Amino acid sequence: MLVLIALSILHIAAIILLLAATIDNAWWVTSTTSTDVWGRWVLTNNKWNMTDLPNNYPTDYLQAVQATTVLACIFSIIGLFVFIAQLFTLPKGRRFTISGVFQALACLFIMIAASIYTDRFHTNEKSIGNYGHSFILAWIAFGLTFISSIVYFVLRKK
């Protein structure tokens, strides 16, 4: 029982991190800008103003990052509902394979999004910046979804 509670907490934490990484505006930060996969926030006159992403961003890669972050959130949420359904319907001794597949897909999608963002964006920017907390949360969510998917594949219902 304790394992199921811990796994549920791990799964919910992964969902929260995925949603925060997808929604929040700090994939790339400088002293005057904060950029995410949806827009760029620019500090002017001590106020943050949302602007469009620069035109030099490769549109195909940007849409791939946007799509895979959203898909990671969707598959992780579906995986939680499937896990809850499997708790009540799965026969004893069977593994939580379907929940593990959904978590593995969420893991794959957030890894793809963060990898594309790392490779294709901010490589030739003139201003010095750093990857922000949303980018780091995406990689942490990757680790959590990977661990939970492995646990789902190994865990048997007793």
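Leaving aside its neighbours within four places in sequence, which residues is V82 in contact with? I found I98, S99 and F102. I note here that the model is a predicted one.

**Entry: around V82.** I placed V82 in helix α2, which covers residues 59–89. Next I looked up its accessibility: V82 counts as buried because its relative accessibility is 19%, and the cut-off for buried is under 20%. I also checked F102, one of the contacts of V82. F102 is 20 residues away from V82 along the chain, and their C-alpha atoms are separated by 8.6 Å.

**Entry: α1 and α2.** I read that two packed helices are described by the angle between their axes and the distance between the axes, so I looked up both. The axes of α1 (residues 2–23) and α2 come within 9 Å and cross at roughly 160 degrees. Angles over 145 degrees count as roughly antiparallel, so α1 is roughly antiparallel to α2. I noted the crossing as left-handed. On the α1 side, the contact includes L4, L7, H11 and I15; on the α2 side, V70, C73, I77 and L80 are among the residues.

**Entry: the record.** UniProt, in an unreviewed entry, gives "transmembrane region" at residues 61–84, 96–116 and 136–155. I compared two of these stretches with the model. Residues 61–84 are 100% helix and 0% strand, with end C-alpha atoms 35 Å apart. Residues 96–116 are 95% helix and 0% strand, with end C-alpha atoms 30 Å apart.

Note on methods:
Residues are numbered from 1 along each chain as its sequence is written. This is a predicted model: local features need pLDDT of at least 70, side-chain atom pairs count only at pLDDT 80 or more; totals for chains, interfaces and linings use all residues. Side-chain values use heavy atoms; hydrogens and water are left out. Helices (H or I, at least four residues) and strands (E, at least two) are DSSP runs, numbered from the N terminus. Buried means under 20% relative accessible area, exposed over 50%, partly exposed in between (1.4 Å probe, protein chains only). Contact means heavy atoms within 4.5 Å. Axes are lines fitted to C-alpha atoms, for helices over the stretch in contact, and angles run from 0 to 180 degrees between N-to-C directions. Angles under 35 degrees count as roughly parallel, over 145 as roughly antiparallel, 65 to 115 as roughly perpendicular and the rest as oblique. A crossing is left-handed if the near helix is turned anticlockwise from the far one by less than a right angle, and right-handed if clockwise. UniProt positions are given in the numbering used here, feature names are shortened, and annotations may be inferred rather than shown by experiment.
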